Amino acid sequence: MYNKNIKLVIAAIVIGVAIWQIIEGYIGNGVMLVLLAAIFVFLYFKNELILLAFLKLRKQDFEGAKKWLDKIKNPESALTIKQQGYLNYLLGIMLSQTNITQAEKHLKKAIKLGLSMNQDLAVAKLNLAGIAMTKRRKREAQILLTEAKKLDKHNMLKDQITMMKQQMKKI
């Protein structure tokens, strides 16, 4: 995995070549190279391996998503802060199926690093609430559920939140 700044250097070089092509009269080449540079800038902000892992998760292919995420060797140098948050978010979701202690660690780190979308933050807090319930920490689970409910603006997690509240009454 390359350092994230290499993508910006490549984009700058491609823009330089695009300007040269436009000056030489090859406007079509210059425009195409500017579009190519835009792809590198996009990949600086949205990591390609995390995007591929999200696509695998949409198909419920946890093993395939894990393969893509394992290719990120040094997240601190290869990813921006938000991307590190999403890396931990994805790892937390995948590990919540097997190892809830590790999943809790990754989800807390994802919340600490920050997630761009409120819906993702709500899902992370909902998963943490479920983990807290399984570990018999009712007070923490209630706090996390109310935070998840506040973050869920479109009521996409309404059913899961009400189901968890019903289960919490049994504890």
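Predicted model: local features only at pLDDT ≥ 70, side-chain atom pairs only at ≥ 80, totals over all residues.

Reader: Why are α8 and α9 called roughly antiparallel?

Author: The angle between α8 and helix α9 (residues 138-151) is about 160°. Angles over 145 degrees count as roughly antiparallel, and therefore α8 and α9 are roughly antiparallel to each other. Their axes are 8 Å apart, and α8 passes α9 in a left-handed crossing.

Reader: How do you know that α8 and α9 meet, and which residues do so?

Author: Contact means heavy atoms within 4.5 Å. On the α8 side the residues that meet α9 include Leu121, Ala122, Lys125, Leu126 and Leu128. On the α9 side they include Glu140, Ala141, Leu144 and Leu145. The residues of this contact divide into 12 nonpolar, one polar and three charged.

Reader: What makes α3 and α6 a parallel pair?

Author: The axes of α3 and α6 cross at roughly 25° and come within 11 Å. An angle under 35 degrees counts as roughly parallel, so α3 and α6 are roughly parallel to each other. Their crossing is left-handed. From α3, the contact is made by Ile50, Ala53, Phe54 and Leu57; from α6, the residues include Tyr86, Leu87, Tyr89 and Leu90.

Reader: What makes up the contact of α3 with α6, by class?

Author: The contact of α3 with α6 has nine nonpolar residues, one polar and no charged ones. Tyr counts as nonpolar in this division, which is how Tyr86 and Tyr89 of α6 are to be read.

Reader: How is the packing of α7 and α8 described?

Author: Two packed helices are described by the angle between their axes and the distance between the axes. For helix α7 (residues 100-113) and α8, the angle is roughly 145° and the axes come within 10 Å. The crossing of α7 and α8 is left-handed. Among the residues that meet are Ile100, Ala103, Glu104 and Leu107 in α7, and Leu121, Ala124, Lys125 and Asn127 in α8. By class, the contact of α7 with α8 has eight nonpolar, two polar and three charged residues.

Reader: Which residues line the largest pocket, and how do you know that they belong to the lining?

Author: A lining residue has an atom within 4 Å of a point of the pocket. The largest pocket is lined by 17 residues, and Ile93, Val123, Leu126, Asn127 and Leu157 lie nearest its centre. About 460 Å³ of space lies in this pocket.

Reader: Which helix gives the most to that lining?

Author: α8 gives the most to the lining of the largest pocket, with eight residues. At least two residues each come from α6 (81-95), α8 (118-134) and α10 (158-169). The lining divides into nine nonpolar, seven polar and one charged residue.

Reader: What is known about the second largest pocket?

Author: About 310 Å³ of space lies in the second largest pocket. It is lined by 14 residues, and the closest to its centre are Lys46, Leu51, Phe54, Tyr86 and Ser116. The elements that give two or more residues to its lining are α3 (48-58), α6 and α8.

Reader: How do the residues of its lining divide by class?

Author: The lining of the second largest pocket has six nonpolar, five polar and three charged residues. Lys counts as charged, and Lys46 is one of the residues closest to the centre of the second largest pocket.

Key: Residues numbered from 1 in each chain as written. Heavy atoms only, no water. 1 Å grid on protein atoms, 1.4 Å probe; cavity = no way out; pocket = protein on both sides within 12 Å on 5 of 7 lines; lining within 4 Å. Points joined across faces, edges and corners; volume = space filled by probe spheres on them. Helix = DSSP H or I, 4+ residues; strand = E, 2+ residues; numbered from the N terminus. Axes fitted to C-alpha atoms, helices over the stretch in contact; angles between N-to-C directions. Parallel < 35°, antiparallel > 145°, perpendicular 65-115°, else oblique. Left-handed = near helix turned anticlockwise from the far one by under 90°.
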